[in-house]
Amino acid sequence: HFHPDIEKAIALVESGAALPINVMKLDRSTLPGGPWLVPKPFPQIPGSVWLPNVGLGTLTPELDGYFRSSLERLTGGDRGRGLLFYCLADCWMSWNAGKRALEMGYRRVLWYRDGADGWAEAGLPTEEGKPVPVAVP
């Protein structure tokens, strides 16, 4: 488990060596399918995939399945694919998510602890995050 500094994180993201994964927490609607509720635009690292709540202390079976199937799809089943987990600066949810990915057998797991806010503060470009929906069984 290692923590790349901003220069290393930029190089990993720009070269495609690591897929940035935003795990910022969101609430869900009570509507059928439980869509994510995004109260305001969330600027994220460009090219990121937003998988909300996968870094919470404990995952429901539904969220665990969402995390596993999302990683499987995003990596094409390649456990050696670089994954760069983040949320906000020093947010432990991204550390938890990275630890879970390692337990699932992913070998190139990185924790970018400066988060989306550290990225933006460095003057780097961001994009508006769109959370990946939880598939309805």
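This briefing describes the sheet, the nonpolar core and selected residues of the structure above. The model is predicted. Four strands make up an open sheet in the order β5-β1-β6-β7, with parallel pairing. Helices α2 and α3 pack on this sheet. The largest nonpolar core contains 41 residues, and one disulfide is counted.

- Strand β1 (residues 18–22) pairs with β5 in the parallel sense over two bridges.
- Within this pairing, I21 has V49 of β5 as its bridge partner, and N22 stands opposite W50, also in β5.
- β1 also pairs with β6 in the parallel sense, here over five bridges.
- The bridge partner of L19 in β6 is L83.
- In general terms, the strands of a sheet are paired through backbone hydrogen bonds, in either a parallel or an antiparallel arrangement.

**Burial of β1**

- Strand β1 is largely enclosed by the rest of the structure, because five of its five residues are buried.
- Both faces of the strand are covered.
- One side carries A18, P20 and N22, and the other carries L19 and I21; all of these residues are buried.

**Helices on the sheet**

- Strand pairing within the sheet includes the contact of β1 with β5 over two bridges, in the parallel sense.
- Helix α2 (residues 61–75) packs on the sheet and touches β1, β5 and β6 (82–86).
- The direction of α2 makes about 135° with that of β6.
- Helix α3 (residues 92–103) likewise packs on the sheet, where it touches β6 and β7.
- The direction of α3 makes about 170° with that of β7.

**Nonpolar core**

- Among the 41 residues of the largest nonpolar core, L51, F67, L71 and F85 touch the most other members.
- Two or more residues of this core come from each of α1 (6–15), β1, β5, α2, β6, α3, β7 and α4 (115–121).
- Helix α1 provides the largest share of the core, namely five residues.
- Leaving aside residues up to four places away in sequence, F67 touches L51, V54, L59, F85, A97, R100, A101 and M104.

- S48 is found in the loop between β4 (43–44) and β5 (49–50).
- With a relative accessible area of 10%, S48 is buried, because the cut-off for burial is under 20%.
- The side chain of S48 reaches the backbone oxygen of I45 at 2.5 Å.
- A polar contact of 2.6 Å joins the side chains of S48 and Y86.
- When residues up to four places away in sequence are not counted, S48 touches P20, Y86 and E127.

- The loop between β5 and α2 holds N53.
- N53 counts as buried, at 8% relative accessibility.
- D90, which is not a glycine either, has a positive phi of about 55°.
- The location of D90 is the loop between β6 and α3.
- D90 is exposed, with a relative accessible area of 53%.

**Disulfide**

- The sulfur atoms of C87 and C91 are 1.9 Å apart, and the two residues form a disulfide.
- This pair qualifies because the separation of 1.9 Å falls within the limit of 2.5 Å.
- The link of C87 and C91 is left-handed, with -105° about the S-S bond.
- C87 is buried, at a relative accessible area of 0%.
- C91 is buried as well, with a relative accessible area of 13%.

Terms used: Residues numbered from 1 in each chain as written. Predicted model: local features only at pLDDT ≥ 70, side-chain atom pairs only at ≥ 80, totals over all residues. Heavy atoms only, no water. Buried < 20%, exposed > 50% of the residue type's maximum accessible area, 1.4 Å probe, protein only. Polar contact = N/O pair within 3.5 Å; in protein donor to acceptor, adjacent residues only side chain to side chain. Contact = heavy atoms within 4.5 Å. Pairing = 2+ DSSP bridges. Axes fitted to C-alpha atoms, helices over the stretch in contact; angles between N-to-C directions. Core = buried A, V, L, I, M, F, W, Y, C linked by side-chain atoms within 4.5 Å.
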